[in-house]
Amino acid sequence: MERISRTKIADLQAYEQFGVKVNVKGWVRTRRGSKQINFIALNDGSTINSIQVVVNLENFDEEMLKLITTGACLSVNGILTESVGSGQRTEVQATEIEVLGVCDNTYPLQKKGHSMEFLREVAHLRPRTNTFGAIFRIRHHMAMAIHRFFHERGFFYFHTPIITGSDCEGAGQMFQVTTMNLYDLKEDDQGSIDYKEDFFGKQTSLTVSGQLEGELAAMALGAIYTFGPTFRAENSNTPRHLSEFWMIEPEVAFYEIEENMDLAEDFIKYCLQWALDNCMDDIQFLNGARKHLYKNEEADDLIERLRFILDNKFIRLSYTEGVEILEKAIANGHKFEFPIFWGADLASEHERYLVENHFKCPVILTDYPKEIKSFYMKQNEDGKTVRAMDVLFPKIGEIIGGSQREEDYEKLSCRAVEMDVPTKDIWWYLDTRRFGTAPHSGFGLGFERLLLFVTGMNNIRDVIPFPRTPNNAEF
Ligand code: 4AD
Ligand code: MG
């Protein structure tokens with residue numbers, strides 16, 4: 001086979017020079033045609049669009065042709081020509097074909113229209129479907145958008161540890177990290193496990209958030225963000241929870257909660273605009289795919305969905321006002337599964353009611369009761385609420401959680417003790433409040449929740465390559 005350097009299919013589609021010889025490599029999506037001519041849709045992942053390879057059968061070896069089945073990997077030399085058929089602009093008239101990898105007939109992606117549930121069982125292969133190709137390309141573009149947004153604004157990307165000795169959210173939902181022999185655990189004098197024997201000489205876990213270390217950095221570099229995996233051992237089997245998810249956590253010195261809200265709104269809008277500017281092919285594909293996957297009312301137009309957020313200012317109101325609206329809704333006959341009263345944590349149905357039914361717009365809810373929020377949030381004068389801010393989104397519910405931080409050493413350490421957060425594990429965190437403390441604020445955006453919104457998928461397991469959820473850590 002003649003050696004020609006490979007061109008990616010994404011690049012070929014922009015080519016203007018017809019009649020040149022090219023090489024393409026990729027996987028067979030479909031093969032159809034007559035006894036004389038076959039059409040192979042070849043995809044190399046660089047774009048949602050497959051290239052059509054036109055094969056004049058009499059020019060090729062019969063035994064080789066038999067190997068060109070769905071899923072097989074090919075290298076094709078051929079002439080780039082303008083396509084006469086609709087759909088694609090260019091095609092390749094094959095002159096030489098090499099089968100790089102055959103694909104036997106147990107290949108699970110033989111036909112179109114597999115259910116999302118089935119595709120989760122073959123997560124090692126699902127990136128080869130159009131739907132998951134689109135999702136994972138969008139995932140990449142969103143990650144780039146996030147780095148661009150912060151870099152352009154002078155934020156520094158700061159790497160916080162994955163293995164930690166402290167529980168940032170204080171919810172006790174951590175995965176332990178240990179090298180101890182679980183069949184032979186040593187006990188100390190009190191009959192507890194003796195972690196001195198363990199790898200780090202203390203109890204450690206996978207982090208639930210990089211915030212505490214992020215705050216240390218903000219008190220030195222001014223404005224930072226983290227972007228990494230976080231782990232939560234909460235037993236929530238919902239379409240919006242993962243045990244391993246990626247979080248972006250900016251933290252800014254001298255920001256009060258209003259500036260924090262402005263940052264959150266600008267940030268989300270920048271990401272959505274980026275998706276429209278850079279991922280239109282994939283978004284349009286998903287828009288169509290969703291019409292088959294989901295019921296009508298769930299398959300809203302994705303592009304309109306994104307534009308709507310860009311065109312509207314987020315509504316800002318307090319938790320107390322939010323609860324009043326929900327109570328009125330109940331008085332007017334609306335039914336919720338979970339009870340709502342001042343002091344209760346909002347369930348997803350409550351958040352979505354505010355956003356989808358009442359305001360029909362994203363909402364930033366602030367000043368939550370201190371009992372339902374973390375120890376580090378700045379305490380309000382009223383003694384009852386803290387300066388929290390949650391950004392609530394249509395279809396998603398909570399997409400961002402954040403707050404202004406308590407910068408007063410006494411108030412912060414008292415609250416930690418009240419909430420049973422072991423202060424001996426976070427002495428270093430408390431130190432920032434002793435050594436040049438300052439007002440500061442930050443938040444966490446759930447990366448997969450953002451992706452749910454952008455891709456229009458309705459299950460979070462379908463926007464991360466290899467989802468980890470209770471009873472599920474395959475691949
Ligand atoms: O509200 P959370 O728990 O806030 C924090 O972790 C803070 N330390 C953030 C900060 O202020 N720096 O989580 C932040 C966001 C949520 O709004 C949600 O989008 C996402 O992380 N999230 C999850 N995403 C997927 N699966 C889960 N189990 C999630 N838990 C939270
Ligand atoms: Mg939260």
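How many bridges join strand E14 to strand E15? I looked this up first in what is a predicted model, where local features need pLDDT of at least 70, side-chain atom pairs count only at pLDDT 80 or more, and totals for chains, interfaces and linings use all residues. Side-chain values use heavy atoms, with hydrogens and water left out, residues are numbered from 1 along each chain as its sequence is written, and chains are lettered from A and ligands numbered from 1 in the order in which they are written.

I found six bridges between E14 (residues 385-393) and E15 (residues 397-404), which run antiparallel; strands are DSSP runs of E of at least two residues, and helices are runs of H or I of at least four, numbered from the N terminus. I noted that Leu392 has Glu398 in E15 as its bridge partner.

I then followed the open sheet, whose eight strands come in the order E6-E10-E11-E16-E15-E14-E13-E12 with mixed pairing, a pair needing at least two DSSP bridges. E6 (156-157) and E12 (315-318) each have a single partner strand, so one side of each is left without a neighbour in the sheet.

I turned to ligand 1 and found 24 residues around it, the closest being Glu169, Gln211, Arg232, Glu249 and Glu398, where a residue is near if one of its heavy atoms lies within 4 Å. For polar contacts (pairs of N or O atoms within 3.5 Å), I noted a polar side-chain atom of Glu169 at 2.6 Å from a nitrogen atom of ligand 1, and a side-chain N or O atom of Arg405 at 2.9 Å from an oxygen atom of ligand 1.

Conventions: Polar contact = N/O pair within 3.5 Å; in protein donor to acceptor, adjacent residues only side chain to side chain.
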